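Subject: Structure for you to look at

Hello,

Here is the structure we talked about passing on.

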Amino acid sequence: MPPRPLLILDLDETLWHGAPDPTHTTAHITLRPHLRDFLHDTLAAYDHAIWTAASPDWMHAGLQIVHTQTGLDLARTAAFLWHRDRCSWHRDEHGDLHRAPWIQSRYPRERILAIDDRPQNWASGYGHLVRVTSWTGDPTDDELPRLARYLLSIADTPDLRRVEKRGWRGRVLE
C-alpha cells in the first residue's frame, strides 16, 4: 500500500468565493456547495493542505468560516497552510523544484495532488494538478461531489502524477 497522499487545496474560486469588506473588519465569503461533504469524504483517503495566493489574514478569515460551517478546523489539521508569502516553489541550479524537507520525507512527489481552478499556478508541477472550474457563487454547482468520487477512485494509485487528470469529469461514475 503506498503512503497516504496529500491533497493541496486552493481556496479562492476553488473552495469558496469572497470579497473583503471595504472596512477590512470582516470577510464576505461564501463556501462552494457541498464543501462539507467534500472535505469529510476526501479526508478518509487524503491528508489536506492549504495554499492560497491571498494574504494570511484572508486565508485565516476564510478558514474560520469553513470551520464554523463544516465542523472541520483546517487551520489546525492541515499538513500546512501556505499563503502568498509561501506559495512559490523555487528551482535550484539544476532546475529541480524543492520542497521543505519535512514535506519530502512525509509525502513523496508521486503522492501529492493539487486542486486548483488556475492551471498556471501549477505550470512547474502540472502532473499534480486536478483542475476544477472556477466558482463564483452559483448555488447549483455540483463539482465537489463528483471531484470527491474521482479523487477517492484514484487515491490508491502509487504514482498520482502519472494519472491522466484532464477530463476527470468524464471518468466519474454518476
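The notes below go through a strand, a helix, the charged pairs and the aromatic pairs, in that order. Please keep in mind that this is a predicted model.

Strand β4

I would start with β4, which covers residues 47-51. Five of its five residues are buried, so β4 is largely enclosed by the rest of the structure. The burial applies to both faces of the strand: D47, A49 and W51 are on one side, while H48 and I50 are on the other.

With β1 the pairing is parallel and runs over five bridges. With β5, residues 81-82, the pairing is also parallel, and two bridges join the strands.

Helix α1

Helix α1 spans residues 35-43, and its buried residues are L35, F38, L39 and T42. Seen down the helix axis, these buried residues fall within an arc of 95°, so they line one face of α1. The spacing is what one would look for, because an α-helix has 3.6 residues a turn and residues three or four places apart point the same way.

What lies over that face? The cover on the buried residues of α1 includes the strands β1 (6-10), β3 (27-31) and β4 (47-51). Helices α2 (56-70), α3 (74-77) and α5 are also part of that cover.

Charged pairs

Side chains of opposite charge can pair when their charged atoms come close. In this model the count comes to eleven salt bridges, and I describe a few of them here.

One of them is between R4 and D47, with N to O at 2.5 Å. R4 is in the segment before β1 and D47 is in β4, so this pair ties together parts that are 43 residues apart in sequence. R4 counts as partly exposed, at 35% relative accessibility, whereas D47 counts as buried, at 15%.

R161 and D159 form another, and their closest N and O atoms are 3.5 Å apart. Here R161 counts as partly exposed at 35% relative accessibility, and D159 counts as buried at 17%.

A further salt bridge joins R166 to E164, with the closest N and O atoms 2.8 Å apart. R166 counts as exposed at 54% relative accessibility, and E164 is partly exposed at 35%. There is also a network, in which salt bridges with shared partners join D142, E143, R146 and R169.

Aromatic pairs

A search of the whole structure turned up two aromatic pairs. In the one I looked at, the ring centres of Y150 and W168 are 5.8 Å apart and the planes are at 35°, so the pair is tilted. Y150 sits in helix α5 (residues 143-154) and W168 in the segment after α5, so to speak a link between distant parts of the chain, 18 residues apart. Are these two residues buried or exposed? Both Y150 and W168 are buried.

Regards

Notes: Residues numbered from 1 in each chain as written. Predicted model: local features only at pLDDT ≥ 70, side-chain atom pairs only at ≥ 80, totals over all residues. Heavy atoms only, no water. Phe/Tyr/Trp six-rings, centres within 6.5 Å; stacked < 30°, edge-to-face > 60°. Helix = DSSP H or I, 4+ residues; strand = E, 2+ residues; numbered from the N terminus. Buried < 20%, exposed > 50% of the residue type's maximum accessible area, 1.4 Å probe, protein only. Arc of directions from axis to C-beta. Contact = heavy atoms within 4.5 Å. Pairing = 2+ DSSP bridges. Salt bridge = Lys/Arg side-chain N within 4 Å of Asp/Glu carboxyl O.
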